[in-house]
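Student: I have a new structure to look at. Can you walk me through it?

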Amino acid sequence: MQGDGSGSSRRRKNSARKLCFCRLDAEIRQAWTDKNPGRRFYGCPHYKGKNGCNYFKWFDVEAGTEWQKMALIEARDEIQEKSRVIEQLNQTIAELTINLERIQQEEEIVRDFQNLYV
């Protein structure tokens with residue numbers, strides 16, 4: 001997820017086929033920009049990619065009301081923040097696991113050394 005409000009997410013294909021300029025089945029995607037949060041559109045399977053044709057067409061008829069946009073933006077931002085916290089917690093867990101394993105190895109070495117002189 002991008003923190004700048006840009007990006008989209010992949011969605012299922014619609015039964016009414018749309019072909020992009022590459023002649024591939026266009027995918028239904030969902031915009032997560034501040035201007036069009038949650039709004040669906042058809043896009044090239046390689047949309048925004050190096051070899052994509054950047055085919056774009058709105059899937060829905062209207063953009064939604066202002067309160068809907070604000071609610072979606074707030075939800076998106078909250079999800080992004082919670083994702084950042086989860087990532088930080090996962091990093092902390094990984095570091096603690098490594099430290100624990102190192103301590104256990106050191107304790108084993110000390111026990112082995114003590115057993116040599118007992």
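Student: Which strand is joined to E2, and by how many bridges?
Tutor: Strand E2 (residues 27-31) is joined to strand E3 (residues 40-43) by four bridges, and the two run antiparallel. Strands pair if DSSP finds at least two bridges between them. Strands (E, at least two residues) and helices (H or I, at least four) are DSSP runs, numbered from the N terminus.

Student: What stands opposite Glu27?
Tutor: Gly43 in E3 does.

Student: What kind of model is this, by the way?
Tutor: This is a predicted model: local features need pLDDT of at least 70, side-chain atom pairs count only at pLDDT 80 or more, and totals for chains, interfaces and linings use all residues. Residues are numbered from 1 along each chain as its sequence is written, and side-chain values use heavy atoms, with hydrogens and water left out.

Student: Back to E3. How many bridges join E3 to E4?
Tutor: Three, with E4 covering residues 56-58 and the two strands antiparallel. Tyr42 has Lys57 in E4 as its bridge partner.

Student: New topic. How many disulfides are there?
Tutor: Zero in the whole structure, where a disulfide is a pair of cysteine sulfur atoms within 2.5 Å. Cys20 is in none; the nearest cysteine sulfur, in Cys53, is 3.8 Å away.

Student: Is Cys20 buried or exposed?
Tutor: Buried, because its relative accessible area is 1%. Buried means under 20% relative accessible area, exposed over 50%, and partly exposed in between (1.4 Å probe, protein chains only). Cys22, at 31%, counts as partly exposed.
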